[in-house]
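Please read the following account with the sequence and the model side by side.

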Amino acid sequence: MSQPVLTYRLGDRQINRIGYGAMQLAGPGVFGPPADEKKALQVLRDAIESGVNHIDTSDFYGPHVTNQLIKKALHPYASDLCIVTKVGAKRDEKGNWLPAFSAEDLTRAVEDNLRNLGVDVLDVVNLRSMFDTHGPAEGPLEAPLEALIKLKDRGLIRHIGLSNVTARQIADAQKMTPVACVQNLYNLAVRHEEVLVDQLAGQNIAWVPFFPLGGFSPLQSGELSEVAQSLNATPMQVALAWLLQRSPNILLIPGTSSPEHLQENLASAKLTLPADALEKLNRIGQKR
Ligand SMILES: NC(=O)c1ccc[n+]([C@@H]2O[C@H](COP(=O)([O-])OP(=O)(O)OC[C@H]3O[C@@H](n4cnc5c(N)ncnc54)[C@H](OP(=O)(O)O)[C@@H]3O)[C@@H](O)[C@H]2O)c1
């Protein structure tokens, strides 16, 4: 099995396929400040120093906290850094996630992202569908997309992406604007989107799975541990290497608040999964 190619095009940049997901840098429940701000800033700086040039974030993480940490740690930004944010939700005072799809909500979200990240233009903005917060569900995205296209025309956004969407919503969006990337839940164990991954690969569109390690309950299974042990790697490295080998359009945004885990995750680029390991791992997803 040959090593997968480790860069892919996102918008107008060729970026490293292992990026960093900043969501869990905020406090518990992605609400409020982190327990250890110094460590959060360190993880962000280490990521960039180790070659990460793709960070996934949102101004509704915290809210505002994650973007402010990114700015504090990394501004002025490296010229090759691609920061991808998302809009379409907001938080109430208890931290609940609410839809925020009106033109006014979206304009405010883009302005908040620009201010808190300290940039004049956002590289990529994903419209996060909220018809069902837990997974893609049909519903019209024309009006919020029109609002985002207007903000793009004003020069505030370079590229538009989509998150938590169906194949139909992607096709409808493509009639209105180029779609730079799609971000839905997908990992070794949650594989409802197999067809979509390949369809988007065929269109040279980046697939940026969220929860690549399982999210708030990191992936765990006997088979995964067995494969990891046989390759002298950790289960998380195997889960990331599986995604890298699954399709060349997959960009990884594993999240961590630990400098050690960050290095462990980045090292998954060096792991090649042999055919027998892939066969065992593929059975994990088929069970669900
Ligand atoms: N579009 C959407 O709706 C949506 C939804 C959710 C997330 N996202 C994006 O996806 C990104 C990734 O999601 P995520 O961070 O929630 O989930 P994730 O990357 O699947 O997993 C993160 C969890 O795995 C742990 N972890 C990371 N590396 C590890 C390692 N080497 N060994 C053991 N544990 C490890 C982390 O704990 P430690 O901190 O202890 O390492 C954390 O609990 C987010 O940052 C966010 O940007 C998008």
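Helices here are DSSP runs of type H or I with at least four residues, numbered from the N terminus. By that count, Arg-108 and Glu-104 both belong to helix H3, and because they are four residues apart they are separated by about one helical turn. The model is a predicted one. In it, the side chains of Arg-108 and Glu-104 form a salt bridge, with 3.7 Å from N to O. Glu-104 is exposed, at 59% relative accessible area, while Arg-108 is partly exposed at 42%.

This pair is part of a network of salt bridges that links Lys-90, Glu-104, Asp-105 and Arg-108. Asp-105 is buried at 14% relative accessible area, whereas Lys-90 is partly exposed at 34%.

The structure has 14 salt bridges. Another of them joins Lys-86 and Asp-56, at 2.8 Å from N to O. Lys-86 comes from strand S5 (residues 82-87) and Asp-56 from strand S4 (residues 54-56), so the bridge connects parts 30 residues apart in sequence. Both Lys-86 and Asp-56 are buried.

The largest pocket holds about 930 Å³. Its lining consists of 37 residues, and Met-23, Gln-24, Phe-211, Gly-215 and Phe-216 are the closest to its centre. Helix H9 (residues 259-266) supplies the largest share of the lining, three residues. By type, the lining has 19 nonpolar, 14 polar and four charged residues.

How values were computed: Residues are numbered from 1 along each chain as its sequence is written. This is a predicted model: local features need pLDDT of at least 70, side-chain atom pairs count only at pLDDT 80 or more; totals for chains, interfaces and linings use all residues. Side-chain values use heavy atoms; hydrogens and water are left out. On a 1 Å grid over the protein atoms alone, a cavity is a set of points where a 1.4 Å probe fits but cannot get out, and a pocket is an open set with protein on both sides within 12 Å along at least five of seven lines; lining residues have an atom within 4 Å of a point. Grid points are joined across faces, edges and corners, and a volume is the space filled by probe spheres set on the points. Helices (H or I, at least four residues) and strands (E, at least two) are DSSP runs, numbered from the N terminus. Ala, Val, Leu, Ile, Met, Phe, Trp, Tyr, Cys and Pro count as nonpolar, Asp, Glu, Lys and Arg as charged, and the others, Gly among them, as polar. A salt bridge is a side-chain nitrogen of Lys or Arg within 4 Å of a carboxyl oxygen of Asp or Glu. Buried means under 20% relative accessible area, exposed over 50%, partly exposed in between (1.4 Å probe, protein chains only).
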